[in-house]
Amino acid sequence: MPTPVPKVLVNEVSVTFESHRRSVLALDRISLQAHAGEFLCVVGPSGSGKSTLLRVLAGLLRQSAGEVRIEADHPGSPLTAMVFQEHALLPWRTVRDNVTFGLENRGVGRAEREARAREMLAMVGLTRFAAHYPHQLSGGMKQRVGIARALASDPEVLLMDEPLAALDAQTRTIMQEELLRIWAALGKTVVYVTHSLEEALLLGDRIVLLSARPGRVSRIYPVDLGRPRGLEVRASPAYGALLETIWARLREEVVRAMAEDRGPDPDRASA
Amino acid sequence: MPVALLALWEMASRLALVSPRYFPAPTTIGAVLVDRLTAGDLGGALLVTLARLGLAFALAAVPGVLLGLLMGIARAFRAAVEPYVAFVFPVPKIALLPFLLIILGVGEPAFVLTGAASAFFQIVISTLGGVRTMDPRLLEVGHNYGAHGARLFWKVILPAALPAIFTGLRLGLGLALIALVAVEFIAAKSGLGHLVYRHWQMLSTPEMYAAFALVGALGLLLTRGLRALQARLLSWQEESF
């Protein structure tokens, strides 16, 4: 096996939010890598800065310190495309025009845009809904559009910010299987933020566990559960063992985060 | 309900339970309305008020939307201008009339500008609100998917603000009509407001009520028209408005 190329390199990245009185350290010297074609899951308690990390990778937020590098292998492709929590579709655009939004902004011609939209909508099973507006779709369908929009841009790295968190349990399970299928077909590098350890174990090649505020890399776990992976993996002893191991550590972080939410530690408030 | 109310009024007036002189029967008012609309002064007054309203609305809408958008996207500009807008907004614009009459003289420019000022501030504030309260994630979508600068404005910010802009236009139209009728009461010698006032003075009450009804109908029709336009242009909107 050849040495994996680091597609995403995050080196000692810190993010501090400055407000009127105080500054809050959201990310504290985060370092991690994602290899080309890897499905990397980031898990942590609320307030561990998971979404902040994704925003730094997406270029929506500038880190206060440290370095972020994304290896560009395909000239003309955007570095990242984000699938947002609760889809964030543009409500005045049809499904098709939402999917082609990124291509349009890059000046891709109409014919190519529409061909690409057809391809992506077929992949997420929404061919018949190309001319619908977002408000006419169910939550699961909207998020499929969000995924199609990201894939249509053909980014170097796909960023996903708790994309299934707002869906009901059954829809979420189906979407997880869909994601596995799409990822297997396209071989994209994915950085996937979730608060669900089960979801991370089902989808990820590795799991980065972040600590409670400020977010630090608590530990990185390889997920050696084989590929292709389906829902049946949940019945395997290896899955159960790994879940238990990571959960023990995550539990500590969650409890710590809850304790801090009840009463902020005065030593940390003005870090 | 309105029909029952009108019937009650009709009866009360016919049976002289209320003074028919002050409260003429709705059918009498209706007959006058139809009669005077084509032959008499009502139709002419309607056109005058409509022309003033159209002009005032256009004078308010274009700069109002532009100013609101500019304030919405340019923080420094907003900080500089917002206090003035907030200062003038709650002042009833009819209070501007004496000032405008002094500098412009008694005439159409002063009348129309009073109506325009009424609509203008409402349109500015609604438009600004539309930009400021847009879902910030849509801005992130714009940035992440390569829409920057002017492209971000045209493809994300403006469409997101359009429903609020339409609301502002609708409210502004109503406010302009209110101000114009008041102007016609006070200073103008023409228009529906003037007619209401004159017929009140002469106690020709059927004509007074007829002019009154026309003002209401005008407001209702124009607001409905804008609503229909919005439903057509912004068919992507989820909720009815």
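How much area do chain B and chain A bury between them? In this predicted model, the two chains bury about 1900 Å², with 59% of it on carbon and sulfur atoms; buried area here is the accessible area (1.4 Å probe) that two parts lose on being put together, summed over both. On the chain B side, 39% of the buried area comes from B:Asn144, B:Tyr145 and B:Trp236, more than any other three residues supply. Contact (heavy atoms within 4.5 Å) brings in 19 residues from chain B and 24 residues from chain A.

As for polar links, 11 residue pairs between chain B and chain A are in polar contact, both residues being at pLDDT 80 or more. Such a contact is a pair of N or O atoms within 3.5 Å; within protein, one must be able to donate a hydrogen and the other to accept it, and residues adjacent in sequence count only if both atoms are side-chain atoms. Turning to helices (DSSP runs of H or I, at least four residues, numbered from the N terminus), α7 (136-144) and α8 (149-186) of chain B each give at least two residues to the side touching chain A. The largest share of that side, 7 residues, belongs to α7(B).

Salt bridges (a side-chain nitrogen of Lys or Arg within 4 Å of a carboxyl oxygen of Asp or Glu) number 2 across the interface. A:Arg55 and B:Glu140 pair up in a salt bridge at 2.7 Å, N to O.

Residues are numbered from 1 along each chain as its sequence is written, while chains are lettered from A and ligands numbered from 1 in the order in which they are written. Local features need pLDDT of at least 70, side-chain atom pairs count only at pLDDT 80 or more, totals for chains, interfaces and linings use all residues, and side-chain values use heavy atoms, with hydrogens and water left out.
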